[in-house]
Amino acid sequence: MLAPADKTTPLKSSEARLFTFSQETKDHLRKFRLGTSRSSDPQAVIYTIDKKTKEIKQDEDKVVYKSLEEIGDDLPDHTPRFVLLSYPLTMPDGRLSVPYVMLYYLPITANAELRMLYAGAKELMRNTSEVGRVIDIESVDDLEDIPKQLASAN
């Protein structure tokens, strides 16, 4: 018998049983989302999947990035990652908007096993992190277009 799902991780299908989040990670996801909602500076964290345990957790460095360039410097060339990004924008009418999105970084050079691993966890990560939108990127160069994409969505 399956354990009932908690409110932060809806049990939608097999990925909810395959991938796990520690309570510490769930708490961090919530704290990050709530803490960045009124921020005037970009903030981002990078998440990875442990291949052995299938645990989704913050990257080893546990850094909060303050710019897209910093994120680009730390994204690996051949390994997928999930990047949670809070990116403040001033709208044409002058009000501040702070979209909270997940960048799904899937380099074209990633091997098939990793591509499948991250693809299987994408929706669970999206739901657990409670982002408003997922933006797929294939290279660090794609980060340059993120502000434009965010502005056009609002």
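Trainee: How far does helix α4 reach from its first C-alpha to its last?

Mentor: This is a predicted model. Helix α4 covers residues 112-129, which makes 18 residues. At 1.5 Å a residue, the expected span is 26 Å. The value in the model is close to that, at 25 Å.

Trainee: Is Lys 122 buried or exposed?

Mentor: Buried here means under 20% relative accessible area. The buried set of α4 includes Leu 114, Leu 117, Tyr 118, Ala 121, Leu 124 and Met 125. Lys 122, where the helix bends, belongs to that set too: it is buried.

Trainee: Which residue's side-chain oxygen reaches the backbone nitrogen of Glu 113?

Mentor: Look at the start of α4. The oxygen lies within 3.1 Å of that nitrogen, and the cut-off for a polar contact is 3.5 Å. The residue is Asn 111.

Trainee: Which residue just after α4 takes a positive phi?

Mentor: The helix runs through residues 112-129, and Ser 129 is among its buried residues. Just after α4, phi is about 60° at Glu 130.

Trainee: What percentage of the chain's residues are buried?

Mentor: The chain holds five helices and seven strands. Along the sequence they follow α-α-β-β-α-β-β-β-β-α-β-α. Of the 154 residues, the buried share is 43%.

Terms used. Residues numbered from 1 in each chain as written. Predicted model: local features only at pLDDT ≥ 70, side-chain atom pairs only at ≥ 80, totals over all residues. Heavy atoms only, no water. Helix = DSSP H or I, 4+ residues; strand = E, 2+ residues; numbered from the N terminus. Expected span 1.5 Å × (residues − 1). Bend = angle between axes of the 7 residues up to and from the residue. Buried < 20%, exposed > 50% of the residue type's maximum accessible area, 1.4 Å probe, protein only. Polar contact = N/O pair within 3.5 Å; in protein donor to acceptor, adjacent residues only side chain to side chain.
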